[in-house]
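Subject: Structure for your files

Hello,

Here is the structure I said I would pass on. My notes on it follow below.

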Amino acid sequence: ALMGIEALMLSTGLTNTIKNTVRRPRPYAYNTNVPLDIRMGSDARRSFFSGHTSTSAAATFFTAQVFSDLYPDSKWRYAVWSGAAVLPLAVGVQRYRAGKHFPTDIAVGYLVGAISGILVPRLH
């Protein structure tokens, strides 16, 4: 549990540090159909990179890595890794469809989360 929290904290810490440094506008900031107060709000400049995607990737890849470490010969390994890969991708697609992120935001969030989720248990 502590390693899982560590992986999530690493992913979240990197996400928030980069978001506050880069301050990339969200896609809806360019949409004139969105009310001005939302387009100009403080959250409108926190697009890069996707925190939802990075957090979900950290959680799922951490789970898959620990499962593989504990049960290296399990016939379920491929299903667990497939789920770990697909779930954060689904989160990213929904964030894109909601107008919250660009595809590059989602790709970087996915990579940061996956690396955090795999790296923490391997380092321990």
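**What was found**

Gln 65 is buried, since its relative accessible area is 4%, under the 20% cut-off. Please keep in mind that this is a predicted model. Gln 65 belongs to helix H3. Apart from neighbours within four places in sequence, Gln 65 is in contact with Trp 81, Gly 117, Ile 118, Pro 121 and Arg 122.

**Overall layout**

The chain has five helices and zero strands, so the pattern along the sequence reads α-α-α-α-α. Its C-alpha atoms fill a box of roughly 55 × 25 × 20 Å along the principal axes. Of the 124 residues in the chain, 35% are buried. Among contacts with a separation of 6 or more, 72% are between residues 24 or more positions apart.

H3 has 20 residues. From its first C-alpha to its last, H3 reaches 28 Å, close to the 28 Å expected at 1.5 Å a residue. Its buried residues include Gly 51, Thr 53, Ser 54, Phe 62 and Ser 68. The buried residues of H3 pack against helix H1 (2-22), helix H4 (77-97) and H5.

H5 has 21 residues, which should span 30 Å at 1.5 Å a residue. The end C-alpha atoms of H5 are 30 Å apart, in agreement with that value. Buried positions in H5 include Ile 106, Gly 109, Val 112, Gly 113, Ser 116 and Val 120. The buried residues of H5 pack against H1, H3 and H4.

**The nonpolar core**

The largest nonpolar core has six residues: Ala 57, Phe 61, Ala 64, Ala 84, Tyr 110 and Ala 114. Two elements give two or more residues to this core, helix H3 (51-70) and helix H5 (103-123). H3 gives the most, with three residues. One of the core residues, Ala 64, is in contact with Val 80, Trp 81 and Ala 84, leaving aside neighbours within four places in sequence.

**Aromatic residues**

There are four aromatic pairs in the structure. One of them joins Phe 48 and Phe 49 in an edge-to-face arrangement, with 5.7 Å from centre to centre and 85° between the planes. Phe 48 and Phe 49 are both buried. The peptide bond from Phe 48 to Phe 49 is cis, with omega near 0°, and may be worth a look on your side. Phe 49 is placed in the loop between helix H2 (36-39) and H3.

Phe 61, Trp 81 and Tyr 110 form one aromatic cluster. Two members of that cluster, Phe 61 and Tyr 110, also belong to the largest nonpolar core. Trp 81 is a contact of Gln 65 and of Ala 64. Elsewhere, Arg 77 lies over the face of Tyr 78, at 5.8 Å from the ring centre.

**Asp 105**

Asp 105 is in helix H5. Asp 105 counts as buried because its relative accessibility is 0%. What does the side chain of Asp 105 make a polar contact with? The partner is the side chain of Ser 47, at 2.3 Å. Leaving aside neighbours within four places in sequence, Asp 105 is in contact with Arg 24, Ser 47, Phe 48, Phe 49 and Ser 50. Both residues of the cis peptide bond, Phe 48 and Phe 49, are therefore among the contacts of Asp 105.

**Two loop residues**

Gly 99 is found in the loop between H4 and H5. With a relative accessible area of 17%, Gly 99 is buried. The contacts of Gly 99, leaving aside neighbours within four places in sequence, are Arg 26, Pro 27 and Tyr 28. Gly 99 and Asn 33 are 66 residues apart in sequence and 12 Å apart in space, C-alpha to C-alpha.

Arg 23 is in the loop between H1 and H2. Arg 23 has a positive phi of about 55° although it is not a glycine. Its relative accessibility is 37%, so Arg 23 counts as partly exposed.

Regards

How values were computed
Residues numbered from 1 in each chain as written. Predicted model: local features only at pLDDT ≥ 70, side-chain atom pairs only at ≥ 80, totals over all residues. Heavy atoms only, no water. Core = buried A, V, L, I, M, F, W, Y, C linked by side-chain atoms within 4.5 Å. Buried < 20%, exposed > 50% of the residue type's maximum accessible area, 1.4 Å probe, protein only. Helix = DSSP H or I, 4+ residues; strand = E, 2+ residues; numbered from the N terminus. Contact = heavy atoms within 4.5 Å. Expected span 1.5 Å × (residues − 1). Phe/Tyr/Trp six-rings, centres within 6.5 Å; stacked < 30°, edge-to-face > 60°. Lys NZ or Arg CZ within 6 Å of the ring centre and 35° of its normal. Polar contact = N/O pair within 3.5 Å; in protein donor to acceptor, adjacent residues only side chain to side chain.
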